[in-house]
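Look at the sequence and structure first, then read the points below.

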Amino acid sequence: MGGKFFAVLITGALTGISGLAVAADLKNIMAQLGRDMHQVSDGIMQDDLEQVAQGAQAVADHPRPSLGQRWRILQGMGNELEGFRQADARVHDQAVELGEVARAGDREGVVKHYFELVEACIACHDQYRQPVRELMRE
Ligand code: HEC
């Protein structure tokens, strides 16, 4: 309750001060990640590795959630926080690797890393999607 109010205050203050932070909503970030992954899989099917590399880059560079949402996650996750962060880092690292093999023209590597990236997305969903979703709606 107090935390929620504080989070609202902080977000309000920060978005007021600067236009620097893009206050992206986690759900929108995820929807965009879904579209980026479509771009990747279309690229694989069309044998367009440049498109694969671009999609992978977009996944790797996805925006961060708004400060208010990060604050909620920070407060609400308790000792799950580290695991959540690692799940995020795993997706990032896999996306970077996928981009690298795509740029190198390594088609077998692309398929292998594509699956590893999908697994990394799902690993976080299996463990954290529901609890984090609840935190966002509280
Ligand atoms: C660190 C954890 C984490 C990782 C990694 C992650 N997600 Fe998510 N994802 C979530 C959470 C939490 C939600 C629920 C968000 C909500 O409902 O507010 C979600 C929801 C979604 C949704 C549903 C969005 C909607 O409109 O309801 C899609 C699509 C999605 N993720 C795609 C992806 C893709 C693709 C990847 C990998 C490139 C990925 N996610 C990686 C945590 C993660």
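**Helix packing briefing**

Helix 4 crosses helix 6 in a right-handed sense; a crossing is right-handed if the near helix is turned clockwise from the far one by less than a right angle, and left-handed if anticlockwise. This is a predicted model, where local features need pLDDT of at least 70 and side-chain atom pairs count only at pLDDT 80 or more, while totals for chains, interfaces and linings use all residues. Residues are numbered from 1 along each chain as its sequence is written. Helices are DSSP runs (H or I, at least four residues), numbered from the N terminus.

**Helix 4 with helix 6**

- Helix 4 spans residues 67-76 and helix 6 spans residues 107-137; they pack at an angle of about 120 degrees, with axes 10 Å apart.
- Axes are lines fitted to C-alpha atoms over the stretch in contact, and angles run from 0 to 180 degrees between N-to-C directions.
- The pair is therefore oblique; under 35 degrees counts as roughly parallel, over 145 as roughly antiparallel, 65 to 115 as roughly perpendicular and the rest as oblique.
- Gln-69, Arg-72, Ile-73 and Gly-76 of helix 4 meet Val-132, Leu-135 and Met-136 of helix 6 (contact: C-beta atoms, placed from the backbone, within 7 Å).
- By class, this contact of helix 4 with helix 6 has four nonpolar, two polar and one charged residues (Ala, Val, Leu, Ile, Met, Phe, Trp, Tyr, Cys and Pro are nonpolar; Asp, Glu, Lys and Arg are charged; the others, Gly among them, are polar).

**Helix 6 itself**

- Helix 6 bends by about 60 degrees at Tyr-128 (the angle between axes fitted to the seven residues ending there and the seven starting there).

**Glu-80**

- Glu-80 sits in the loop between helix 4 and helix 5.
- Glu-80 counts as partly exposed because it has 15 C-beta neighbours inside 10 Å.
- Glu-80 and Gln-127 are 47 residues apart along the chain, yet their C-alpha atoms are separated by 9.6 Å.

**Helix 2 with helix 3**

- Helix 2 and helix 3 pack at about 160 degrees, with axes 7 Å apart.
- That angle makes helix 2 roughly antiparallel to helix 3.
- Their crossing is left-handed.
- The contact of helix 2 with helix 3 divides into nine nonpolar, five polar and two charged residues.

Note on methods. Helix = DSSP H or I, 4+ residues; strand = E, 2+ residues; numbered from the N terminus. Contact = placed C-beta atoms within 7 Å. Buried ≥ 20, exposed ≤ 12 C-beta atoms within 10 Å, placed from the backbone.
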